[in-house]
Amino acid sequence: MPVTGTGRTSRIIRWIDYRLPFVTQIEHELYEYPTPRNLNYWWNFGSLAGIMLVIMIVSGVVLAMHYTPNAEMAFDSVERIMRDVNYGWLIRYIHMNGASMFFLIVYIHIFRGLYYGSYKYPRELLWMLGVVILLLMMATAFMGYVLPWGQMSFWGATVITNLFSAIPVVGQKIVTLLWGGFTVGNPTLNRFFSLHYLLPFIIVAVVGLHLIALHTHGSNNPLGIDSKGPQDSIPFHPYYTIKDTFGLMVFLIVYSIFVFYMPNALGDAQNYIPANPLQTPPEIVPEWYLLPFYAILRSMTFNVLGIPSKLIGVMLMFSSILVLFVVPWLDTSRVRSATFRPIYKKVYWLLVIDVLALGYVGAHRPEGIMVIIGQLGTFYYFLHFLVLMPLIGKLERPRPLPTSIGAAVLPAGAGAAGGN
Amino acid sequence: MPRFVFALATLLGLAGPAVAQETPSLPHQQWSFQGVFGTYDQGALQRGYQVYKEVCSACHAVRHLSFRNLTELGYSEEQVKGIAAQAQVTDGPNDQGEMYQRPGRPSDPIPGPFPNDQAARAANNGALPPDQSLLVKQRDGGPDYIYAILTGYKDPPAGVKMNPNMYYNEYFPGHQIAMPPPLTSDDQVKYADGTKATKEQMAHDVTTFLAWAAEPNLNERHRMGAKVILFLVIAAGIFYAAKRKIWAALH
């Protein structure tokens with residue numbers, strides 16, 4: 001849909017577009033980008049994640065104008081934002097709860113992909129880029145949590161950076177490099193602030209690649225079958241722009257309830273106490289979105305074949321995310337959507353329960369029954385990806401797939417009528 | 001290496017402090033600032049400030065507050081000037097290069113009782129009275145916890161050996177708290193507004209004041225939230241109707 005019209009504005013746009021086809025590109029991706037006509041509301045979470053990234057960057061840039069990355073002043077500068085900066089409390093609560101919302105959205109987005117097999121041919125790279133984004137988000141969120149320099153900031157940073165000391169030979173050197181000294185201190189805070197500002201823009205770049213990969217083969221859909229012609233797809237605009245906008249409003253209501261009525265519900269009270277290197281908090285717990293991984297990390301309580309439990313725990317934790325990279329090849333089924341995979345569908349929900357259970361374990365002291373549940377949960381997590389996924393793909397007999405998207409979702413006969 | 005071992009032990013939960021003794025669950029109090037439309041009760045704020053000033057401020061600072069913030073308790077600017085002028089603050093250096101004392105101004109931070117933490121410990125048997133400006137947000141249970149501590153002093157049960165200079169408090173983790181009971185008798189404070197100053201009343205009022213000190217923007221936050229959410233609900237309705245209309249052609 002090229003720019004038409006003879007007005008001055010249209011002429012200027014045409015002049016620019018001839019040299020820099022930006023408008024054409026946008027129109028191509030919005031109007032002509034064919035999207036399956038049967039996407040359900042679980043497909044809203046991709047655009048929501050993109051919007052959340054923008055909200056985080058905008059609120060973060062404003063916070064950085066008032067924040068002081070110095071171990072002596074960081075905590076007070078955050079309190080100053082909360083008390084004296086115009087609407088500083090609002091911006092900070094948006095940013096703080098935004099991190100939780102971002103992870104909530106991305107986790108739903110990932111589990112949607114796992115259910116509908118969105119990682120399968122030809123979307124393997126799309127999926128892998130998504131895992132890269134997840135890793136970058138975790139690093140960014142962790143470093144952001146350190147910036148207010150409260151007790152949990154300091155001790156969280158101490159525990160997590162110490163994980164790298166488990167690496168044989170060079171571990172301690174890496175930790176010193178991360179700290180910029182021999183303990184978590186001002187240099188640590190400075191480099192974390194720098195990286196916390198940098199990484200989101202790298203996320204933006206990877207999101208760009210994620211979108212290029214997405215638009216190359218288009219969205220997967222709840223049926224998991226390829227589009228077989230124009231009757232199966234509709235233009236992204238206006239159909240999905242309006243559906244996404246409605247979804248955005250619903251999401252913003254949930255987000256607002258947190259920001260305005262329970263802004264500290266997801267945080268830890270300890271982080272309102274200024275960092276004190278001489279006093280360990282009663283419990284060091286990460287934010288909720290990292291709890292399942294924390295549980296996996298702590299699940300190793302014994303050495304295996306002379307390898308220290310800590311090293312195995314660290315390896316398990318990183319593997320729990322790295323295993324996602326190879327999911328496209330671990331899943332041996334050619335059928336994408338779990339709708340047509342009776343066994344995989346059940347196992348999928350077991351994985352959801354398993355991850356929630358691991359999150360619960362991560363929030364509690366590793367004592368008694370929690371240790372056992374954590375170990376079983378970790379075992380099942382890897383069993384799901386490394387054994388069940390390949391095995392079920394081979395053994396399961398999928399239900400018959402519909403012949404086309406249109407045939408499945410339109411009234412009989414209407415599908416043949418083509419577009420609209 | 002010891003640091004590494006310590007961090008690992010912390011990580012694995014081995015080096016946590018001794019398991020805290022059982023504390024009863026916090027009794028839930030009614031707070032004016034709870035709920036969607038909750039706001040700070042100004043009477044309670046002013047009474048609470050009076051309790052803070054006459055009792056707590058002997059040991060505890062509120063370093064994130066300035067005198068000017070007190071207008072939010074309902075005091076006029078003139079009153080706040082008067083309150084500030086009663087305090088002596090250190091300023092300077094002057095032309096002679098010397099620091100000097102002057103009466104406080106509304107723009108000054110409210111001065112604490114001690115010049116530094118060491119002085120605070122020296123005056124309190126080695127214990128450090130925490131700054132109170134964020135106390136409510138620093139403790140799980142928030143205002144209920146503060147109220148419970150203030151009203152939770154008891155004689156130690158038989159068989160409990162108290163450490164020197166420690167007091168038995170039902171709700172404090174480990175039950176041994178270094179803070180002597182701050183609210184000891186009814187009418188310890190003579191309220192300016194004539195409210196009967198029972199121990200419970202004083203605990204309730206000062207907790208309201210401390211909740212405000214920790215989260216002074218709550219009133220505005222609650223007001224704005226109601227408007228924002230109302231707007232979003234209406235917008236969601238409109239966009240849902242638009243979505244139905246646009247998609248109608250497809251079905």
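Analyst: B:Asn165 sits in the loop between helix H6 (142-150) and strand E3 (167-168) of chain B; helices (H or I, at least four residues) and strands (E, at least two) are DSSP runs, numbered from the N terminus. The model is predicted, so local features need pLDDT of at least 70 and side-chain atom pairs count only at pLDDT 80 or more, while totals for chains, interfaces and linings use all residues. Residues are numbered from 1 along each chain as its sequence is written, and chains are lettered from A and ligands numbered from 1 in the order in which they are written.

Most residues other than glycine have a negative phi, and most peptide bonds are trans. B:Asn165 is not a glycine, yet its phi is positive, about 60°. B:Asn165 is exposed, with 12 other C-beta atoms within 10 Å (buried means 20 or more such atoms, exposed 12 or fewer, partly exposed in between, with C-beta atoms placed from the backbone). In chain A, A:Val169 has a positive phi near 65°. A:Val169 belongs to the loop between H7 and helix H8 (171-179) of chain A, and is exposed, with 6 other C-beta atoms within 10 Å.

Cis peptide bonds come next. One runs from B:Gly92 to B:Pro93, with omega near 5°, and B:Pro93 is in the loop between strand E1 (88-91) and strand E2 (100-103) of chain B.

As for the chains, the contact takes 35 residues from chain A and 36 residues from chain B, where two residues are in contact if their C-beta atoms, placed from the backbone, lie within 7 Å. The largest share of chain A's side, 13 residues, comes from H10(A).
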